[in-house]
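Student: Can you walk me through this structure? I would like the overall layout and then some details.

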Amino acid sequence: MKRSVLSATLGLALAAGLAVLPATAASAATPGPAVQGYTASTYAGSAAEAANNQAFFHAVMASAKARQAANPWLQTVTVTYDTASAPSFTSQISQAAQIWNSSVSNVQLQASSGTGDFSYYEGNDSRGSYASTDGHGHGYVFLDYQQNQQYSSLRVTAHETGHVLGLPDNYSGPCSELMSGGGPGPSCTNPYPDSNERGQVDSLWSNGVESVN
């Protein structure tokens, strides 16, 4: 089975203005137009969030379509990642990738020994953990130390990785919904996507790509 590599990280509006990289990531990645965090303590959603989410899906699928045109037999898209800038979270990142790889079939995550399609970073940031994209298929996931102590670190990592696969936040969802993030509170430790989330990801990456209206 042929595989193609596609960069994809999701960035949505958490607060007005552009995403600003933490100092640990500033020299290695380009800030995205917006960020999506694990909690919504300072932002509860808006029309800007929906617009940014739609723009991300279009950017991801446009890139995937170009790769599929070059490889019409494409069945599974492989997205590579690197953890060099998040050494404290290598275990959680690996577990999160395994969770997603066992949950979906049309896209798979693969660790890279060099620079991946997207990167993980760690450090301190008042916004907590978040995912960001530059709108061109490249981006990063930032894992905040304090938030990963307050909440289940594996859930936080799996949640932010879910953005890489195209899923938006739904803070009002139950603990059984991975993309509800910190909405259910620190006692929620579930790191697994529910059936709807698994189906949505497989639909987005059906046979490599699927159009998003």
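This is a predicted model: local features need pLDDT of at least 70, side-chain atom pairs count only at pLDDT 80 or more; totals for chains, interfaces and linings use all residues.

Student: Fine. How many helices and strands are in the chain?

Tutor: The chain has five helices and seven strands. Starting at the N terminus, the order is β-β-α-β-α-β-β-β-β-α-α-α.

Student: And what share of the residues is buried?

Tutor: Of the 213 residues in the chain, 54% are buried. The chain exposes about 8900 Å², and carbon and sulfur atoms supply 50% of that area.

Student: What part of the contacts comes from residues 24 or more positions apart?

Tutor: Counting contacts with a separation of 6 or more, 70% are between residues 24 or more positions apart.

Student: Let's do helices. What does H2 look like in terms of residues and reach?

Tutor: H2 covers residues 90–103, which is 14 residues. From first C-alpha to last it reaches 20 Å, close to the 20 Å expected at 1.5 Å a residue.

Student: Which residues of H2 are buried?

Tutor: Gln92, Ile93, Ala96, Ala97, Ile99, Trp100 and Ser103. They cover an arc of only 160 degrees around the axis, so they sit on the same side of H2. Gln98 and Ser102, on the other side of H2, are exposed.

Student: What does Trp100 touch?

Tutor: Leaving out residues up to four places away in sequence, Trp100 touches Leu109, Ala158, Thr161, Gly162, Leu165, Leu167, Leu178, Pro193 and Val201. There is also a C-alpha distance to note: Trp100 and Tyr192 are 92 residues apart along the chain, and their C-alpha atoms are separated by 7.9 Å.

Student: What about the span of H4?

Tutor: The end C-alpha atoms of H4 are 17 Å apart, which agrees with the 16 Å that its 12 residues should span at 1.5 Å a residue. Just after H4, Gly166 takes a positive phi of about 105 degrees.

Student: On to the rings. How many aromatic pairs are there?

Tutor: The count comes to eight aromatic pairs. In one of them, Tyr121 and Tyr140 have ring centres 5.9 Å apart and planes at 85 degrees, so the pair is edge-to-face. Tyr121 is in strand S5 (residues 118–123) and Tyr140 is in strand S7 (residues 139–144), so the pair links distant parts of the chain, 19 residues apart.

Student: Why does each of those two count as buried?

Tutor: The cut-off for buried is under 20% relative accessible area. Tyr121 is at 3% and therefore counts as buried, and Tyr140, at 0%, counts as buried too.

Student: Last topic, disulfides. How many, and which cysteines?

Tutor: The structure holds one disulfide. Cys175 is joined to Cys188, with an S to S distance of 2.0 Å. Both cysteines are in the loop between H4 and H5, 13 residues apart.

Student: What is the handedness of that disulfide?

Tutor: The torsion about the S-S bond is about 90 degrees, so the disulfide is right-handed.

Student: And are the two cysteines buried or exposed?

Tutor: Cys175 is partly exposed, with a relative accessible area of 27%, whereas Cys188 is buried at 3%.

Notes: Residues are numbered from 1 along each chain as its sequence is written. Side-chain values use heavy atoms; hydrogens and water are left out. Rings of Phe, Tyr and Trp (its six-membered ring) pair if their centres lie within 6.5 Å; planes under 30 degrees apart count as stacked, over 60 as edge-to-face and the rest as tilted. Helices (H or I, at least four residues) and strands (E, at least two) are DSSP runs, numbered from the N terminus. Buried means under 20% relative accessible area, exposed over 50%, partly exposed in between (1.4 Å probe, protein chains only). Contact means heavy atoms within 4.5 Å. Accessible areas come from the Shrake-Rupley method with a 1.4 Å probe; for residues, only the protein chains shown count as cover. The expected span of a helix is 1.5 Å times one less than its number of residues. The arc is that of the directions from the helix axis to the C-beta atoms. A disulfide is a pair of cysteine sulfur atoms within 2.5 Å.
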